[in-house]
Amino acid sequence: MTSDIKPIRTALVSVFHKDGLDHIINALAASGVKFLSTGGTRQFIESLGYQCDAVEDLTGYPSILGGRVKTLHPKVFGGILSRRDNETDREQVSKYEIPDIDLVIVDLYPFEATVASGAPEADIIEKIDIGGISLIRAAAKNFKDVAIVASKAQYSLLAGMIDSHGSAMTSLEDRRLLAKEAFGVSSAYDSAIFNYFDGDQQSALRVAIDHSRVLRYGENPHQDARFYGNIDDMFQQLHGKEISYNNLLDIDAAVSMIADFPANVPTFAVIKHNNACGLASRPTIREAWCDALAGDPVSAFGGVLVANTEIDADTAEEVGKIFFEVIIAPAYTDDALAILQQKKNRIILVQKRALDTTRSLRTALNGMLSQQRDLKVETADDLHLATVTPVRPEQVDDLLFANKIVKHSKSNAIVLAKNGQLLASGVGQTSRVDALRQAIAKAQSFGFDLNGAVMASDAFFPFADCVEIAHAAGIDAVIQPGGSIRDTDSVEYCNANGIAMVMTGFRHFKH
């Protein structure tokens with residue numbers, strides 16, 4: 001046995017969750033490991049037919065203060081923290097009759113689950129683990145001699161180590177890995193507690209995400225990248241290649257945008273570089289796809305597609321005629337899936353649940369920016385008529401439709417729409433005039449008639465030039481947030497030329 005291989009002779013086991021523990025206990029017992037435990041865990045080990053000594057017998061103290069103090073004792077922590085190669089430590093543990101503990105298996109009270117349940121604060125406070133977190137830190141600190149399993153998620157990791165060695169022992173590499181995982185558990189736990197006490201103050205940023213996925217590369221092949229989060233929690237991937245960094249950005253844009261459209265109205269969107277290049281709402285999902293594609297069949301090449309209702313075979317036949325990277329929908333018929341799977345690299349995703357995060361984070365300079373996500377979706381009640389020309393009833397739906405799209409478009413942004421279809425958009429421009437001219441030119445290049453179309457702007461018009469250009473193209477209704485000191489310039493032009501304008505009071509910059 002090499003010097004870094006340590007046999008497990010005594011294991012302290014004290015867990016809240018017992019599921020899956022039996023396999024580990026059986027494997028340890030097969031190697032003659034001695035068990036030390038408390039309360040319910042001790043009873044569980046004994047129910048498996050194994051002897052288990054009580055921590056109370058070791059310490060000479062019972063569990064006290066309603067269970068708040070069970071393992072906090074020098075005879076427990078001395079056995080975990082003693083350095084096996086330190087002569088002074090060995091003398092002291094011998095003097096005070098402290099047994100070595102070679103393995104600690106512990107988990108933590110379910111603090112986050114208790115908070116999420118809406119429990120009263122007294123119950124939440126009682127779920128702040130003291131003994132467990134102390135055991136984790138002690139064992140992880142002394143990883144040179146002690147192995148630590150800090151959650152049931154790591155049972156399989158320990159089981160694999162035991163299997164690989166042929167009996168209950170661990171290598172230094174094993175123990176260091178377990179220590180790393182343990183500190184991940186403890187830091188996430190403390191972050192959750194801090195965030196509970198911090199509430200809405202946001203006095204500091206504490207984020208802990210357990211899942212990590214290595215991506216092929218970042219935005220470009222020379223950049224390495226990772227995704228921190230659990231993609232499988234939101235999506236089921238039915239087919240296709242590995243999801244890339246750029247795919248994830250477009251998928252995020254796609255699900256955020258489609259969420260703003262009512263689920264009972266079939267809607268299809270085509271996303272390219274985080275912007276919609278095609279979007280339509282129609283009586284059927286096939287019609288929605290065809291009209292979304294018509295909005296910009298050139299940009300749709302290599303895009304990310306998203307629908308808010310099940311994809312059927314007829315729709316899949318039409319969708320399959322173009323090259324695309326990703327398609328997202330709540331469901332697919334069997335026939336539709338068979339059609340879409342004909343291209344091996346197509347990423348086919350089922351969206352299992354909505355995006356429910358309420359804040360966004362991004363790096364900036366040497367820190368992070370945090371803000372509330374823009375969750376505002378305007379309704380007819382938010383439309384305040386600013387002109388003498390009224391908005392026709394059929395224009396209201398188009399104005400709200402266009403406003404949803406412009407909200408999700410990179411600033412400066414202008415969206416042109418008619419009859420539930422995105423005709424064109426101008427996005428990411430340094431001036432609003434440039435964005436509008438880009439949108440008009442694109443719509444005309446694909447043969448759209450802009451007469452009777454509506455225009456949405458993500459921010460106010462500082463001058464009347466945009467409404468002048470829009471009017472010349474045939475647009476006769478405008479939605480914008482308002483708020484410019486020169487709002488009257490645009491309003492007066494609209495009044496003089498029979499254009500309806502509504503203001504919402506909500507700006508939708510997106511950078």
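1. The lining of the second largest pocket is made up of ten nonpolar, ten polar and seven charged residues. In that count Ala, Val, Leu, Ile, Met, Phe, Trp, Tyr, Cys and Pro are nonpolar, Asp, Glu, Lys and Arg are charged, and the others, Gly among them, are polar.

2. A word on the model before going on. It is predicted, with local features needing pLDDT of at least 70 and side-chain atom pairs counting only at pLDDT 80 or more, while totals for chains, interfaces and linings use all residues. Residues are numbered from 1 along each chain as its sequence is written, and side-chain values use heavy atoms, leaving out hydrogens and water.

3. Back to the second largest pocket: it holds about 520 Å³ of space. Of its 27 lining residues, Gly67, Lys70, Tyr109, Asp129 and Gly131 are the closest to its centre. Two or more lining residues come from each of α2 (39-47), α7 (121-126) and α8 (131-141). Helices (H or I, at least four residues) and strands (E, at least two) are DSSP runs, numbered from the N terminus. On a 1 Å grid over the protein atoms alone, a pocket is an open set of points with protein on both sides within 12 Å along at least five of seven lines, a cavity is a set where a 1.4 Å probe fits but cannot get out, and lining residues have an atom within 4 Å of a point. Grid points are joined across faces, edges and corners, and a volume is the space filled by probe spheres set on the points.

4. There is one cavity of 30 Å³ or more. The largest cavity has a volume of about 30 Å³, and its lining consists of Val377, Glu378, Leu400, Asn403, Lys404 and Lys407. These divide into two nonpolar, one polar and three charged.

5. Now the sheet. Five strands form an open sheet in the order β4-β3-β2-β5-β6, with parallel pairing; a pair needs at least two DSSP bridges. At the edges, β4 (52-54) and β6 (147-149) each pair on one side only. From one strand to the next the twist averages 20 degrees. Four bridges join β2 (residues 10-14) to β3 (residues 34-37) in the parallel sense, and Thr10 stands opposite Lys34 in β3.

6. Finally, two helices. Helix α1 (residues 21-29) lies across β2, β3 and β5 (103-106), at about 165 degrees to β5. Contact means heavy atoms within 4.5 Å; axes are lines fitted to C-alpha atoms, for helices over the stretch in contact, with angles from 0 to 180 degrees between N-to-C directions. Helix α10 (residues 172-198) has 27 residues and spans 38 Å from first C-alpha to last, close to the 39 Å expected at 1.5 Å a residue, taken as 1.5 Å times one less than its number of residues. Just after α10, Gly199 has a positive phi of about 55 degrees.
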